[in-house]
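Welcome, and please open your viewer. We will go from stop to stop, selecting a few residues each time and looking at what surrounds them.

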Amino acid sequence: MDDNRRLPLVYVRGFAGGTSGINKAVDDPFYGFNEGSVHVRVGAHNQPRFHQFESPLLRLLREEGYELLVKGNQETYLAEHAEIPANSIWVHRFYDRSATTWGGEPQEYVLEHAAADLLDLIDRLREKSGAPAVILVAHSMGGLICRCLLQKVLPDLGRDADCVAKFFTYGTPHGGITFDIGGGWMERARDALGIQGADIFGPRRMYEYLTPKADLDPDGPPKGWDARVMPQGPGKLPIERVFCLVGTDPADYDVALGMSSAAVGPHSDGLVQIERAYVPGAHRSFVHRSHSGRYGMVNSEEGYQNLRRFLFGDTRIEASLVDYRLPDDDDLVWQAEATLSVRGLPVVMHEQLAAHWCPIQLDAAKDGPGASVSLATTFLNSGLRQSTDEPMRFMLDLRLISLRERHGILSFRDHLEQSADFADTLVIDVGTPQAGPGIWAAWNSEIEGAIRDHRVAGAPRSDEDPAPGRWVAHIKLPETTARLVGGDARIRLVATPWT
């Protein structure tokens, strides 16, 4: 695959609702990808600091050298130019034909038609740019349009998914939209009435547009069908080329005067529940952002930094807690919390906390080796370092928490709220293609002074995997954790090249 910096990037927006929402959407030249935000951070003397995020569109133009090509509109530019640069951004304006503001007779919005039109755009971009594939970046329902393309439109045409190199989603309801209230009647009414086309978030319609014609059962989805699953195999987009950004902040989602977030529940981004916002097996990060709005994930620094590194990074890091063994106590429930920060950024890249309804559940190991659970995956870009002679640094903050249950009821007799049985930060440095591969790691509790002053010394940890292009290191947890998770518990770090 060519350098991803030279691949066209296609943005696919989310659900607009009925006619008024569609009319509002088409009035935006870039369907919302140009929206930025401002927010405050607490600085010296507890004073708030203004922080301006320009928008993912402007940041990609400025920081990654992309071009935005418009002549009256992007369709006209594309029609009038035999050749276009590959490093260009395009907006799939699938709602235009359904708006009433243009005059004429608006067409009914159909998700499958939007997916077919997306393929037409992709084919034209590839032909005129010479790029082998495109990158798809989608918000909310836009991710379902892209999945319809990948899982139905292309297979129905007998084509492979090699026209797509990478696929990034912000807050896409990969598993549909459900509600915490109503006992299921709200979903049934939505799917039966199809008000403003919202039935596309129900299982029957999702099954229709996510299933190739050859495999479609006219009686509907089979028992156990999971809308989140993207089939794998020859001709499919590899799951490792998919990234799902999951929002965990419903409080800032003020659509319908807050009634949406109240109906969907607290374990959501205000519209999409956390467990339904990702594809199993795909890379994902959890950020404390809402589905959209002034504190939404698309117009956020957290969203952009995850997007940028997934698209253009050169090293993938996977961190897992392995070989842990929990105490033999059936009344104890164990959870882990993990946050991941990259040096030089003003935001947290990944954040799984109990307070955000997304802790990592720790299950006891079955017979055999100790248990293993993924803590985080991140992407690093050696070209973004402040100095070329330093490794790439990120930090993994880990907390282990136990809760006691008796007969299914939490016991608070010896409980200390928001306290952890273990809490420490692993400071990780990763070698670069220029300086040579390698992994250095140290627990913060073992570092003297400020972390910013910590410098790696000596040789990196021994590579425990003989396979070329893959570096593996295991870091033992501090001795104080032996009674909690056993003396063999370790953090496993796996570094691989990423293109």
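With the side chain of which residue does the side chain of H291 make a polar contact? Select H291 and S140: their side chains make a polar contact of 2.9 Å. A polar contact here is a pair of N or O atoms within 3.5 Å; within protein, one must be able to donate a hydrogen and the other to accept it, and residues adjacent in sequence count only if both atoms are side-chain atoms.

Before moving on, a word on what you are viewing. This is a predicted model, where local features need pLDDT of at least 70 and side-chain atom pairs count only at pLDDT 80 or more, while totals for chains, interfaces and linings use all residues. Residues are numbered from 1 along each chain as its sequence is written, and side-chain values use heavy atoms, with hydrogens and water left out.

**Around H291**

H291 sits in the loop between β9 and α9. Helices (H or I, at least four residues) and strands (E, at least two) are DSSP runs, numbered from the N terminus. H291 counts as buried because its relative accessibility is 3%; buried means under 20% relative accessible area, exposed over 50%, and partly exposed in between (1.4 Å probe, protein chains only). Now show its contacts, meaning heavy atoms within 4.5 Å. Leaving aside residues up to four places away in sequence, H291 touches residues including H139, Y253, D269 and M297.

**The sheet**

Next, colour the strands β4-β5-β1-β6-β7-β8-β9: in that order they form an open sheet of 7 strands with parallel pairing. Its edge strands, each pairing on one side only, are β4 (67-68) and β9 (283-287). Two strands pair if DSSP finds at least two bridges between them. Zoom in on β6 (residues 134-139) and β7 (residues 164-170), which run parallel and are joined by 6 bridges. Here V137 stands opposite F168 in β7.

Axes are lines fitted to C-alpha atoms, for helices over the stretch in contact, and angles run from 0 to 180 degrees between N-to-C directions. Helix α9 (residues 301-312) also packs on the sheet, touching β1, β6, β7, β8 (242-247) and β9.

**Cysteines**

How many disulfides does a search of the whole structure find? There are 0, counting a disulfide as a pair of cysteine sulfur atoms within 2.5 Å. For C244, the nearest cysteine sulfur is that of C146, 11 Å away. The sulfur of C358 is too far for a bond, because the closest cysteine sulfur, in C244, is 15 Å away.

**Loop stops**

Select S55, in the loop between β3 (48-53) and α2 (56-64). S55 is not a glycine, although its phi is positive at about 140°, and S55 is buried at 0% relative accessible area. Finish at Q196, in the loop between α6 (185-193) and α7 (203-210). Q196 has a positive phi of about 55° and is not a glycine either, but Q196 counts as exposed, at 53% relative accessibility.
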